[in-house]
There are 2 protein chains.
Amino acid sequence: MAAGALMAAEMAEQPARLAALAAAWEDTAGRVARIRPSPLAGTVIVARGSSDHAGAYGRYLIELVSRRPVALAAPSLLTLYDARTDHTGYLAVAISQSGRTPEIAATLERMCESGAAGVAITNDADSPLAADAALALPLGAGDEQAVPATKTVTATMAMLALVAAGLGRPPFGADDLRRLADAVAAVRDDPDPADAAADRLAECGRLVTVARGLMLSAALEAALKLKETTRIVAEGLSAADLRHGPIAVIEPGFPVVAMHAAGPARADVVELVAELRDRGAEVLEIADTPDAALPLPTGIPEGLAPILAVVRAQQLALALARRRGLDPDAPAGLTKVTAT
Amino acid sequence: MAAGALMAAEMAEQPARLAALAAAWEDTAGRVARIRPSPLAGTVIVARGSSDHAGAYGRYLIELVSRRPVALAAPSLLTLYDARTDHTGYLAVAISQSGRTPEIAATLERMCESGAAGVAITNDADSPLAADAALALPLGAGDEQAVPATKTVTATMAMLALVAAGLGRPPFGADDLRRLADAVAAVRDDPDPADAAADRLAECGRLVTVARGLMLSAALEAALKLKETTRIVAEGLSAADLRHGPIAVIEPGFPVVAMHAAGPARADVVELVAELRDRGAEVLEIADTPDAALPLPTGIPEGLAPILAVVRAQQLALALARRRGLDPDAPAGLTKVTAT
């Protein structure tokens with residue numbers, strides 16, 4: 001089998017899964033609304049790895065619509081420190097592709113025992129995680145065999161959009177999610193920009209990805225996908241955090257992948273891109289602008305654009321891994337279910 | 001003036017400031033207890049850069065003692081997306097060394113307007129941030145002139161321990177904080193291990209720092225300090241997150257700084273260190289164990305050990321910057337107050 005054949009096949013399934021989730025919009029939102037605590041004290045999201053980056057997307061979206069603070073959980077508080085956190089009034093959203101990462105299942109269980117209404121987003125409806133939750137939301141993405149998660153990541157992000165729809169009014173609707181599925185298909189069928197970018201990045205050993213706001217989740221996920229598949233030391237940072245110190249590492253020729261879409265967070269990232277180019281950085285943009293090295297279809301609301309940007313980043317990771325002679329389907333030292 | 005003279009002088013002041021904060025334990029805890037919302041819905045912490053890493057320490061400690069969830073805020077939700085988050089019942093802790101980062105002051109102001117009880121931790125009692133808060137907790141660390149924050153970071157962490165003491169019972173007391181001040185002096189007066197480690201890392205271009213639980217804050221801060229001062233691309237990760245993908249980048253000879261202290265999180269980090277050494281990584285430990293390359297004095301409770309580990313990491317950053325011919329006092333392209 002060719003290097004990355006599994007990953008490529010799983011990436012190709014994404015438009016169909018996103019379209020199916022768009023069709024589940026009303027039903028899912030209704031089920032979430034029925035278990036939403038009232039009054040709502042806040043939401044906690046618990047996940048690791050790629051699921052945690054999808055969680056970062058949910059973190060912004062759920063706070064925006066629920067109008068109560070959202071926290072990304074620190075699982076070790078419950079699993080190592082035996083913290084007696086009281087989750088009364090909280091919605092707890094746990095995300096695990098396999099539903100079998102012991103730490104995530106144990107954390108959701110403790111949160112539910114201490115008063116949380118638990119939602120499990122997982123690709124395995126029969127997993128321990130799904131069993132712990134008041135509401136299990138299976139992704140239905142089919143078996144994912146490549147080690148780098150792709151179709152389950154975008155399905156999780158779309159599922160979080162549906163969860164948000166059950167908690168308030170997201171800045172987009174089911175129709176937009178359907179259009180997103182088409183836009184993802186358009187990116188899938190246009191691999192040339194990723195191949196060209198892979199040529200430019202073929203020799204690089206380190207890289208920074210940067211974005212802001214909702215799109216930050218895509219930058220975090222892009223960095224992880226590049227680390228897993230290409231062994232490039234890639235760190236994902238918010239534009240604001242990059243300015244607070246890390247910008248010191250950006251020397252002439254330093255590669256940066258900057259991600260943005262039409263919306264309130266764009267101006268800050270575009271300004272940073274200009275600043276980075278002034279420092280001599282080699283900036284590749286993933287954006288819905290005509291001059292972006294890795295262009296995105298236009299017309300997708302900023303609230304869904306991170307899903308589209310993740311797909312472009314997956315394509316870059318795949319192309320770059322192949323360009324570097326690596327097989328992204330089975331990176332050295334990684335397994336599909338992580339036992340922490 | 002010698003390279004890093006300012007940074008070294010400010011680092012040397014840390015024991016005295018920590019001892020002064022130990023003396024303020026009861027008074028500060030009492031003032032926090034008086035503004036604590038009751039019932040408490042949760043806590044949000046808002047900060048950027050080094051202050052955000054101190055915030056990561058507060059995030060664990062405050063959830064542990066307050067027994068309600070703690071969130072690290074996403075400032076862009078309020079400053080860019082105009083999110084109408086209701087903070088009724090929340091304690092909001094904003095941290096800014098200068099008190100003049102516009103984004104942090106604006107975010108705390110919005111949180112207070114929407115119901116939060118606001119605490120400002122800042123080194124400038126007359127700053128806009130201090131003016132916004134119901135309770136201002138000035139660090140009293142004196143003017144900090146070197147661009148990399150050092151004495152204000154450890155003072156902020158200690159101040160967060162005092163805030164925790166106002167919200168519940170931290171797993172240490174004022175006496176332990178006094179002993180920490182002595183231990184920090186012992187680290188300050190023992191620069192040889194950092195010089196030796198700097199020799200080992202002199203040529204490296206990338207590095208990972210790793211820890212877990214409370215100590216994660218120190219790993220995040222160590223990575224930032226190394227980026228700011230040495231231009232090494234250093235990423236801080238939790239042991240659990242490193243296993244979820246990023247471990248793929250760890251090739252033979254890859255440098256890793258692992259941090260741990262006696263307590264519930266140690267076993268997981270020690271296990272990971274063995275795994276990383278099996279992969280051929282060059283692991284340097286910052287730990288209270290006899291064989292650590294960068295040893296810490298023993299007998300400091302795990303809840304305060306991150307402060308001690310940060311001081312060792314500062315010493316490493318300073319030594320390594322000098323070894324690489326850089327002046328850490330004024331890294332290229334950084335200013336003391338970041339205007340985001």
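A salt bridge is a side-chain nitrogen of Lys or Arg within 4 Å of a carboxyl oxygen of Asp or Glu. Okay, on to what we have here. This is a predicted model, where local features need pLDDT of at least 70, side-chain atom pairs count only at pLDDT 80 or more, and totals for chains, interfaces and linings use all residues. Residues are numbered from 1 along each chain as its sequence is written, chains are lettered from A and ligands numbered from 1 in the order in which they are written, and side-chain values use heavy atoms, leaving out hydrogens and water.

So, how many salt bridges does a search of the whole structure find over all chains? The count is 54. Some of them join up: A:Arg48, A:Glu103, B:Arg212, B:Asp241, B:Arg243, B:Asp268, B:Glu271 and B:Glu275 are linked in a network.

Now for some single pairs. B:Asp86 and A:Arg68 meet with N to O at 3.8 Å, and that pair crosses between chains. Buried or exposed? Buried means under 20% relative accessible area, exposed over 50%, partly exposed in between (1.4 Å probe, protein chains only). B:Asp86 is partly exposed at 31%, while A:Arg68 is buried at 10%.

Next up, A:Asp124 has a salt bridge with A:Arg100, the closest N and O atoms being 2.7 Å apart. These two sit 24 residues apart, linking distant parts of the chain. A:Asp124 is partly exposed at 21%, and A:Arg100 is partly exposed at 41%.

Last pair: A:Lys225 and A:Glu228 form a salt bridge, 3.3 Å from N to O. A:Lys225 is buried at 1%, and A:Glu228 is buried at 7%.

Conventions:
Helix = DSSP H or I, 4+ residues; strand = E, 2+ residues; numbered from the N terminus.
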